[in-house]
Amino acid sequence: MKMYRKHMFTTSLVLAGGLFFSTSTYAAVDTNQVEELIDSTVEETEQSGGLTPDNLFYFLDKAAENIQLFFTVDNEKESDLLLSFLNERLAETSDLLVEEDKEEYITDLIEEYVDTLEEAQEMVSEVITDEEVVEEVKEELSEKLEDSTTLPDDIEEEVDEEQKAVLDEKRQEAYIVANVVKDIELETVKDLREKGFGFGEIVKIVTFAEESGKSQDEIIALLEEGKGYGEIAKELGFHPSQIMKKVVNKKQKDLEEKVKEAEEAGDEEALALLTASIDKVEQNIIDFKLTEELAEIDEEYSEELLEIEEELAEELQDIEEELNEELAEIEKALADGELTQEEADEKILALRAEAERKMNVVKQEASEETIELQEEAEEEKNEVREEATEERDEEEESEGKKEEDEDEEREEDENKEDEESEDKDEDKEHEDKKDNEVAKEQAKKQAEKEREEKKKAGEKEREAAKKQAEKEREEKKKAEEKAREAAKKQAEKEREEKEKEDEKAKEAAEKEREKKKEREEKAKEKAEEAKEKERGKKEKGEKEDKEHKKDKEEERDDD
């Protein structure tokens, strides 16, 4: 996990060289100053995103981060630094989202966020499994790592599907690590670390073994066979999302038990913090449910699309085989003399044209099925997103109602206190009552303000979801038009190629007929030559007979 840091350290070394090879500066730097610099940097990066990648001096910002990491030898402080860098990457991404033509930088920042998140989870896990570190520090780092997996809505909406899949996988892995690694036995952690596994993999091995009932060694054996975690989960009969669901539910249950303890102890401060944590977990449950349902829709769409492609391939193959059989019959009829070459060519052209027509019909039907399938998948996704938005709104309304009830309860308690103190001091009661009324009014205004803010936030989310749905419909429409245009071009290309093939076939047939005609003419000429030779021989024989007869007559006359 240190590779990313080492890769970036080369640039940092140039700056560090200028710092440490200057005599006066070198003498002035000590460990305390470095730690003070680190602490101040963590605080600053949590407040602002700083420079963004489109800035000319952004490399200095990155170099400074790597210098800080290089001089940090304490795992706790290094974990804090990495977590603060995660927040900085998110802040930089949000800053770029308001500008145009920054997609390339946003993609790079998300990749850096994923790399840093993976490195942070490893470093935080090192601290959590260190027996010498106090529990408060472990708990704080676990909470920070968990918080770092939550992305602002504006970032999630801008990430493309492929990158979002990787992003969601790494965020879920970090969330599980933050909540599970502390419960794994140290001996197990040490054993798996010695085998070369990172904490993200250790958590997966342990949770996969628990979920499937297999041993950790059996899971490792499957990994050594070259299988991925998704493939292993499928083979063992469960989905990785089941683990995330269990972790989130356990987190919620633990928090609810702590809330009861805080209520019994009357610890208002702890109760407020725990209530906020529960609200966060409930929001995580809604977000995770949305991610899981969208993934299920995509998986179902991919399976149905594969079926369409397989059916198309089979139908095209059937048409091709049928065409080849009919062509073979024509060739046989031609060889047997049942058809002339011209008749055979006409039949071949007709068969090829019919086969092409059938193929185009099949392709068009497959294209229409694919488009319809895409539309259904997008509609399902939009419905799921709308349901998630409504669920968030209901959660916010429920939270607002809960706050109102708490305000009313506080008012009742305050009124009771006012009544009890009435007999003691009327002047003080009047003053307290006035103060209480002011406080009530302020609390009421504050509650109203919070409700308005939540309402606006809900409306903003719904508007964003509506815009996103509209954007996806436009993209889908463009994709459909592009697909139809591509299909049209492909069909036109195939027709042109077919015409060329037919033209070549006709030319070949014409050449064959010419060759046949030439052979017939040559044979005729040879026959004429043979007849001419035969006549010459006959005439010569007749002439010789006449001469012989004449000689005999002359001999008789002489006698």
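Tutor: What follows takes the fold, the salt bridges and the helix contacts in turn. This is a predicted model, in which local features need pLDDT of at least 70 and side-chain atom pairs count only at pLDDT 80 or more, while totals for chains, interfaces and linings use all residues. Residues are numbered from 1 along each chain as its sequence is written, and side-chain values use heavy atoms, with hydrogens and water left out.

Student: How many helices and strands are in the chain?

Tutor: The chain has 17 helices and 0 strands. Helices (H or I, at least four residues) and strands (E, at least two) are DSSP runs, numbered from the N terminus.

Student: What percentage of the residues count as buried?

Tutor: Of the 559 residues of the chain, 32% do. Buried means under 20% relative accessible area, exposed over 50%, and partly exposed in between, with a 1.4 Å probe and protein chains only.

Student: And contacts: among those between residues at least 6 apart in sequence, what percentage join residues at least 24 apart?

Tutor: That share is 74%, where contact means heavy atoms within 4.5 Å.

Student: Salt bridges next. How many does a search of the whole structure find?

Tutor: The search finds 31. A salt bridge here is a side-chain nitrogen of Lys or Arg within 4 Å of a carboxyl oxygen of Asp or Glu.

Student: Which residue does Arg89 pair with?

Tutor: Arg89 forms a salt bridge with Glu92, with 3.0 Å between the closest N and O atoms. Both residues sit in helix H5 (residues 75-97), 3 residues apart, about one turn of the helix.

Student: Why would that spacing matter in a helix?

Tutor: An α-helix has 3.6 residues a turn, so residues three or four places apart point the same way.

Student: Is Arg89 buried or exposed?

Tutor: Arg89 counts as buried, at 1% relative accessibility. Glu92 is buried too, with a relative accessible area of 0%.

Student: What does Arg193 pair with?

Tutor: Arg193 forms a salt bridge with Glu122, the closest N and O atoms being 3.5 Å apart. Arg193 is in helix H10 (residues 186-194) and Glu122 in helix H6 (residues 103-128), so this pair ties together parts that are 71 residues apart in sequence. Arg193 is partly exposed at 31% relative accessible area, whereas Glu122 counts as buried at 9%.

Student: And Glu322, which residue is its partner?

Tutor: Glu322 forms a salt bridge with Lys358, and their closest N and O atoms are 3.7 Å apart. This pair links distant parts of the chain, with Glu322 in helix H15 (residues 268-335) and Lys358 in helix H16 (residues 341-421), 36 residues apart. Glu322 is partly exposed, with a relative accessible area of 35%, and Lys358 is partly exposed at 30%.

Student: Which residues do salt bridges with shared partners join into one network?

Tutor: That network holds Lys62, Glu65, Glu88, Arg89, Glu92 and Glu112.

Student: Lys62 and Glu65 again: which residues of H4 are buried?

Tutor: Lys62 and Glu65 are among them, along with Tyr58, Asp61, Ala63, Asn66, Ile67, Gln68 and Leu69.

Student: Switching to packing. At what angle do the axes of H9 and H14 cross?

Tutor: The axes of helix H9 (residues 161-180) and helix H14 (residues 240-265) cross at roughly 45° and come within 10 Å. Axes are lines fitted to C-alpha atoms, for helices over the stretch in contact, and angles run from 0 to 180 degrees between N-to-C directions. H9 and H14 are therefore oblique to each other; angles under 35 degrees count as roughly parallel, over 145 as roughly antiparallel, 65 to 115 as roughly perpendicular and the rest as oblique.

Student: Which residues make the contact?

Tutor: From H9 they are Gln172, Tyr175, Ile176, Asn179 and Val180, and from H14 they are Ile243, Met244, Val247, Val248 and Lys251.

Student: Last one, H11. How many of its residues are buried?

Tutor: H11 is mostly covered, with 10 of its 14 residues buried. Those buried residues pack against H6, H9, H10, H12, H13 and H14. Just after H11, Gly213 takes a positive phi of about 80°.
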